[in-house]
Amino acid sequence: MAHYDLAIIGSGSGNSLITEFWDNKKVAIIDAGIFGGTCLNVGCIPTKMFVYPAALAASVAEAKRLGVSMSFAGADWPAMRDRIFGRIDAISEAGKNYRANELENVTLYAEHVSFVSAHELRTASGVSITAEKIVIAAGSRAVLPQAPGINLPGVHTSDTIMRLERLPQRLVILGGGYIASEFAAVFSALGSEVTQVNRSSALMRGQDADISAAFTKAATTRWGVELNAALSGITREGEVLSIHLERDGQPFVLEADAVLVATGRTPNTHGLGVSELGFDMRADGSLVVDDYQRILADGAVVEGLFGMGDVANTQQLKHVANREARVVINNLEHPESLRTMDRRAVPAAVFSNPQIAYVGATEEQARAEHGDRVLSVVQPYGSTAYGWAMEDEEGIVKLLAHRDTGLLLGAHIMGHEASLLIQPLIQAMYSGMDVNTMARGPFWIHPALSEVVENALLALGMSPRANEPL
């Protein structure tokens, strides 16, 4: 039996927990997957490294509308793929080598592990590990629907689709969320004939209803979209995949060279043995932690055990996992001075085409809590000088504020650089700045695109639904 001062399950954000504090202590890091976790290897970083060149390719169509003659001669997919993963794989391997071979106080177990008791683990090869403190940072994995043919060659998840040998001529994407929508934008811009299939009547259904509707409309002008379509199964004949679907009781078939299944992700708690120990879990399988990121069992703290990242929150965002890691670092090293996790104004972005960014409540959520005290405004990008320059007819900023306090309840942006435009709104929500102060206090550069945010804030103050200006 091997004993450690700290054992970390997961090498994503969990890897950052090994600070100088542990130099003279024994640490185990355990991960059966690719070292570095989801974001580095199959998530945020490689996907955005594809998003940028795809955006360059997509700009050709935009330029034509503005009288600029440009052409797209195609994408060198193997070169693009090798450039991206040549960098990422090297980082992953270097991190693994550093932990496994260069730090005498750290032992790397590259295999699955499960709990025997609250402070004892057993690896798949039978090694018993005990630790004073254990952090569960095991991440999440892609979910595959139960359908015939789902495991056929050519059917991919986000883990494998980016390493294809060649760009598929025809790609069917199953799913209507952020992963599906980002890959639809990437592959369609690079030259694939993409069809995105969704069970419901709109894409990005988790967004505010106005954003979901606007994005669905925009997506249909860029790639194929099949709504209200349920998967029956997948068959393969030679190199051709047939995706069997059903809508309103009527079957139909799409053919493709590859299929991407992007129907969701689930926390990696299955097989860890955490439910057998009575650890508190949500319906989606994620671990329940307290404000200090400590694991709970029947509502009580399990001493010495912490959870963080996709396995212990419902947001599945890297910036949330990184913030949680900083909290856990403090609470591991300074148990006499525990720090809480601040979850105010957690934002997110979808790097599709067009981009989406959001923070706070949707209108449905805001009205469920505040009723008719909610002010709502939708401001088009095209209402600003820069929007005129772009001839933008799609982009919108939607803001929600409380009629009595003037505080933002939610902010939702769809359009060019939405992920940048939303940042001042995040800061306003975090700091408690009211919309009137935000709109009329600081200067807003004219004629920058950020004026669309300024105009939306001003429109909230003059909303006809308000009894008086804020």
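This is a predicted model: local features need pLDDT of at least 70, side-chain atom pairs count only at pLDDT 80 or more; totals for chains, interfaces and linings use all residues.

Modeller: Residues are numbered from 1 along each chain as its sequence is written, and side-chain values use heavy atoms, with hydrogens and water left out.

Biologist: Why are helix 2 and helix 4 called oblique to each other?
Modeller: Helix 2 (residues 44-65) and helix 4 (residues 178-190) pack at an angle of about 45 degrees, with their axes 8 Å apart. Axes are lines fitted to C-alpha atoms, for helices over the stretch in contact, and angles run from 0 to 180 degrees between N-to-C directions. Under 35 degrees would be roughly parallel, over 145 roughly antiparallel, 65 to 115 roughly perpendicular, and the rest is oblique. The pair is therefore oblique.

Biologist: Which residues in helix 2 and helix 4 meet?
Modeller: With contact meaning heavy atoms within 4.5 Å, helix 2 brings residues including Phe50, Val51 and Pro53, and helix 4 brings residues including Phe183, Val186 and Leu190. The residues of this contact divide into eleven nonpolar, one polar and two charged. Here Ala, Val, Leu, Ile, Met, Phe, Trp, Tyr, Cys and Pro count as nonpolar, Asp, Glu, Lys and Arg as charged, and the others, Gly among them, as polar.

Biologist: What makes Gln207 count as buried?
Modeller: Buried means under 20% relative accessible area, exposed over 50%, and partly exposed in between (1.4 Å probe, protein chains only). Gln207 has 9% relative accessibility, so it counts as buried. Gln207 sits in the loop between strand 10 (193-197) and helix 5 (209-220). Not counting residues up to four places away in sequence, Gln207 touches Ser212, Val350, Ile356, Tyr358 and Thr362.

Biologist: And why is Arg170 called partly exposed?
Modeller: Arg170 has a relative accessible area of 22%, so partly exposed is the label. Arg170 lies in strand 9 (residues 170-174). Leaving aside neighbours within four places in sequence, its contacts include Glu193, Val240 and Glu255.

Biologist: How many disulfides does the rule give?
Modeller: The count comes to zero, where a disulfide is a pair of cysteine sulfur atoms within 2.5 Å.

Biologist: Are Cys39 and Cys44 buried or partly exposed?
Modeller: Cys39 is buried, because its relative accessible area is 13%, whereas Cys44, at 31%, counts as partly exposed.

Definitions and conventions. Helices (H or I, at least four residues) and strands (E, at least two) are DSSP runs, numbered from the N terminus.
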